[in-house]
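This report sets out the main features of the structure shown below.

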Amino acid sequence: MVFEPPQRLVRALGETAPEGDDWLERLPEAAREAVAQRELTVERVQVPGGRSSLVVLVRTADGTPAVLKLAPGRARPESERAALAHWDGRGAVQLLEPSSVSGAEGVLLLERLQPDVSVRTLPEAKALLEAAGTLRRLWVDPPEGHGFETVAGRTGRQARAMRASGAGDPEVAPLVEAALGAREELLAAPPEHKLLHGTFRQSKVLAGERTPWLAVGPDPVVGECAFDLARLVRDRVEDLIAQPSGATTTRRRVKRLAESLEVDRERLRGWTLFRAVESGVRARRVGRAGDAELLLEFASWL
């Protein structure tokens with residue numbers, strides 16, 4: 001079996017890989033070793049796959065369908081493992097290998113969901129409803145003595161990058177300042193500290209057999225629920241931008257999601273602004289001008 005990384009993964013990692021990183025070059029051999037060590041039968045590499053990991057559809061030695069996921073250290077796979085172990089299948093994909101096999105950090109063996117069926121395939125209103133319901137199940141107290149990153153820590157790194165690359169650009173500086181100001185105000189009095197998915201959106205919710213929908217691919221973080229929900233607000237941003245009433249629809253979506261998940265509306269609006277501007281500035285920095293334009297226009301509506 002040739003474990004050729006999908007082009008989507010190659011492009012995405014190429015935007016963020018530090019100089020000298022050779023994870024992609026080592027990936028085919030690492031995948032072969034992971035398969036052999038677990039006595040798996042390979043069906044296929046999932047294409048187009050994700051932006052931070054190689055996903056391989058496999059069967060275990062007893063024929064059980066499963067997923068083998070390999071991710072570089074900078075994607076924090078061991079943090080993902082810890083979160084999935086804590087959720088233990090409640091609202092999220094089940095971890096089939098609770099601890100890292102010796103010498104195989106960054107390799108996760110997961111239950112098989114339906115990789116080509118996400119809530120994004122549903123009509124928009126139904127998709128938002130199902131996604132929000134799934135997200136609610138993930139918001140639990142983190143384990144004692146956890147090592148998860150906090151919202152304050154993660155957004156602090158992001159804020160420094162935003163200042164470095166966006167504050168001096170007259171086209172985006174007003175939005176950057178508004179986003180940074182919103183973050184400072186939100187962190188002054190965070191209302192809760194829950195374990196969050198961290199990168200939740202419609203495409204991260206796949207059809208399953210145990211329950212209709214389960215979340216995958218967390219980049220877990222501990223903080224307030226509004227931070228997690230903020231990423232869902234801008235789902236299908238390209239459709240929102242294309243609508244003449246996009247700004248009104250966006251504000252209505254903020255209100256509806258805040259009410260349905262009992263999150264403060266202004267806090268949700270603030271985190272949605274911060275996360276949209278951060279993503280837009282980052283897209284602009286790595287040359288994804290089209291994505292940056294969509295995200296920053298969306299942010300201007302908030």
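## The two sides of helix α1

In this predicted model, Arg11 and Gly14 are exposed on one side of α1. Leu9, Ala12 and Leu13, which also belong to this helix of residues 7–16, are buried. Viewed down the axis of α1, the buried residues fall within an arc of 95°, and they therefore line one face of the helix. An α-helix has 3.6 residues a turn, so residues three or four places apart point the same way.

The cover over the buried residues of α1 includes helix α2 (23–38) and strand β2 (54–59).

## Overall fold and dimensions

The protein contains eleven helices and nine strands. Its radius of gyration is 19 Å, close to the 19 Å that the globule rule gives for 302 residues, so the protein is as compact as a globular protein of that length. The C-alpha trace spans about 55 × 40 × 40 Å along the principal axes.

Contacts between residues at least 6 apart in sequence were also examined: 70% of them join residues at least 24 apart.

## Burial, surface and charge

Of the 302 residues, 51% count as buried. The accessible surface of the protein comes to about 14,000 Å², and carbon and sulfur atoms account for 51% of that area.

The protein carries 43 positive and 44 negative side chains. The centres of these two sets lie 3 Å apart.

How values were computed
Residues are numbered from 1 along each chain as its sequence is written. This is a predicted model: local features need pLDDT of at least 70, side-chain atom pairs count only at pLDDT 80 or more; totals for chains, interfaces and linings use all residues. Side-chain values use heavy atoms; hydrogens and water are left out. Helices (H or I, at least four residues) and strands (E, at least two) are DSSP runs, numbered from the N terminus. The radius of gyration is taken over C-alpha atoms; the globule rule is 2.2 Å times the number of residues to the power 0.38. Buried means under 20% relative accessible area, exposed over 50%, partly exposed in between (1.4 Å probe, protein chains only). Contact means heavy atoms within 4.5 Å. Accessible areas come from the Shrake-Rupley method with a 1.4 Å probe; for residues, only the protein chains shown count as cover. Lys and Arg count as positive and Asp and Glu as negative; His and the chain ends are not counted. The place of a charge is taken as NZ of Lys, CZ of Arg, CG of Asp or CD of Glu. The arc is that of the directions from the helix axis to the C-beta atoms.
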